[in-house]
Amino acid sequence: GTPVERGPGLRKAAAAFASFRVGHYHPLTDIELAAEAAAFGEKPAVRHAASLLLHALNAALLFLLIEGLTGSPLPALAGALLWALHPVNAESAAWVAERKNLLYSFFYLAALLAYLRGIKRGGRRWTALAGALFLLSLLCKASAVTLPLALLCLDWTYGRPMDRRNMAEKSIFLAAAAVFTAAAAAAQGGRGALLPGSLPALFSFYLLKSVWPAGLSALYPYRELGSWLGAHYAALLLPAAVFAALLALAVRTCRTAAFGLLFFLVNILPFALVIPIGPAMAADRYLYMPLAGLVLAAAAAAAVAPARARAAALAALFALSLPAALLARRRALVWSSSASLWSDVLEKYPRAQVANLNMAEALLEERDWEPAMARLRLVLAEAPDSQTALYDLGTALAMTGRPAEGLPLLREAARLKPGYAPGWNNLGLALLALGRGGEAAAAFRAALEADPSYAPAAANLAALAGGGPRRPLASRPNIVRYQ
């Protein structure tokens, strides 16, 4: 194409590097998703196929990494297969929004492979390649900042001296990690939280989900999970203690297995210590990279075991792949629709506010009014100042012929969030349905003050001023998904 044709794409790419998205900085992921949409359109089948391809490529890279570390292809195949089919990874592979997880992992694993090749063959070009791949990984997701620590663990595994040259080499990686950590903190705007008191319990939570993936959830609500961790804190110290004992044993007997355990520790520690922004205290997707360390440790242990024990260990690893695949399929189906997703969460956390809000909005989109309103009332019973619940319930009441009941809810929603134009617009429509044209006009004007480009309010104000027909609220639901 000509420079004119390339211009908009280049401007979008530059904008991606200069902006944050939903509390994150991942410009390369944004560019990849945009390029995919430009080439194939916004087709769910294409999105899912691309995610599955990336997940398969990551499994292949993990196979090469385990084989490179152990020198044994069969344990590497067993470990990579179990990782690929593990149900905790279904969220990253099935949810298109987690493309950043797949992309950063691809470059992260490739960087590890390049660095490992450099250890075995020598030459700075491999370290340089690892550095370039690390930068690409950071541009996909800031979680890649753990790579320098993983490289130090790899150095220890192969007995590389921690001399001045090695430290100078790592300082470049650490400096890049520090820059992207600062960028991630700026993107979150200080909304994350440090929970050092919950570190052992949350670490054990992730460890147990890896070893026994029962009760997986698309959302682990902050309040509910925090209460459960607190109630079981003493018992949750045991899995962390077992992990520490296994790590100590592996350090003495099999450094490759120890590297796998250290890799899990390095990659899960940020998620066990820092609670990301939003209403969730944990997430299955945070295990995507750490789990690779556990399967690596298991494969390495099998590779060095005596012949009979090795055969049994490999048989167990391969056998585990079948139930893992069945569970992963069930987890993937959870992500097939909003209703299936939030139904799954509510089975485990029936009073979770976020789940009830999102389930209500999924029902509202289907015009299933009464069940939706019941969930919104449940939210308001515990959080009377929830602007989203007030707005959705007020809108639903007005749309079902009860504008007088919805009016006070819409007024309160507008008071709580005065900059939300759809809230003022729906308030105006409810007032209009009650024959209060003057107040409705004021509400429409407030919507335009909040957002001068909000066309529905402008159209309603123009129709009201011109004496045009009064359209019912149902023609403009303006239901907005919870963020």
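Predicted model: local features only at pLDDT ≥ 70, side-chain atom pairs only at ≥ 80, totals over all residues.

Reader: Fine. How many helices and strands are in the chain?

Author: The chain holds 23 helices and four strands, and 49% of its 483 residues count as buried. Its accessible surface comes to about 21900 Å², with 66% of that belonging to carbon and sulfur atoms.

Reader: And what share of the contacts join residues at least 24 apart?

Author: Taking contacts between residues at least 6 apart in sequence, 70% of them join residues at least 24 apart.

Reader: Switching to charges, how many salt bridges are there?

Author: The count comes to 21 salt bridges. One of them pairs Glu36 with Arg99, whose closest N and O atoms are 2.8 Å apart. That pair links distant parts of the chain, since Glu36 sits in helix H2 (residues 27–40) and Arg99 in helix H6, 63 residues apart.

Reader: Are Glu36 and Arg99 buried or exposed?

Author: Both Glu36 and Arg99 are buried. They also belong to a network of salt bridges that links Glu32, Glu36, Glu42, Arg47 and Arg99.

Reader: What does Glu91 pair with?

Author: Glu91 forms a salt bridge with Arg285, and the closest N and O atoms are 2.5 Å apart. Because Glu91 lies in helix H5 (residues 90–94) and Arg285 in the loop between strand E4 (280–282) and helix H14 (290–304), the pair ties together parts that are 194 residues apart in sequence. Both Glu91 and Arg285 are buried.

Reader: Let's go to the surface. Which residues gather in the patch of positive charge?

Author: Arg117, Lys120, Arg121 and Arg125 gather there. Helix H6 (residues 99–121) supplies the largest share of that positive patch, three residues, while Arg125 is found in helix H7 (residues 124–140).

Reader: Why does Arg125 count as exposed?

Author: Arg125 has a relative accessibility of 61%, and exposed means over 50%, so Arg125 counts as exposed.

Reader: Which residues make the nonpolar surface patch?

Author: Leu238, Val242, Leu246 and Leu249 make a nonpolar surface patch of about 370 Å². Val242, which is found in helix H12 (residues 233–253), is partly exposed, with a relative accessible area of 41%.

Notes
Residues numbered from 1 in each chain as written. Heavy atoms only, no water. Patch = residues over 30% accessible without salt bridge, like charges linked within 9 Å, V, L, I, M, F, W, Y side chains within 5 Å. Areas by Shrake-Rupley, 256 points an atom, 1.4 Å probe, with all protein chains shown as cover. Salt bridge = Lys/Arg side-chain N within 4 Å of Asp/Glu carboxyl O. Lys, Arg positive; Asp, Glu negative; His and termini not counted. Charge placed at Lys NZ, Arg CZ, Asp CG, Glu CD. Helix = DSSP H or I, 4+ residues; strand = E, 2+ residues; numbered from the N terminus. Buried < 20%, exposed > 50% of the residue type's maximum accessible area, 1.4 Å probe, protein only. Contact = heavy atoms within 4.5 Å.
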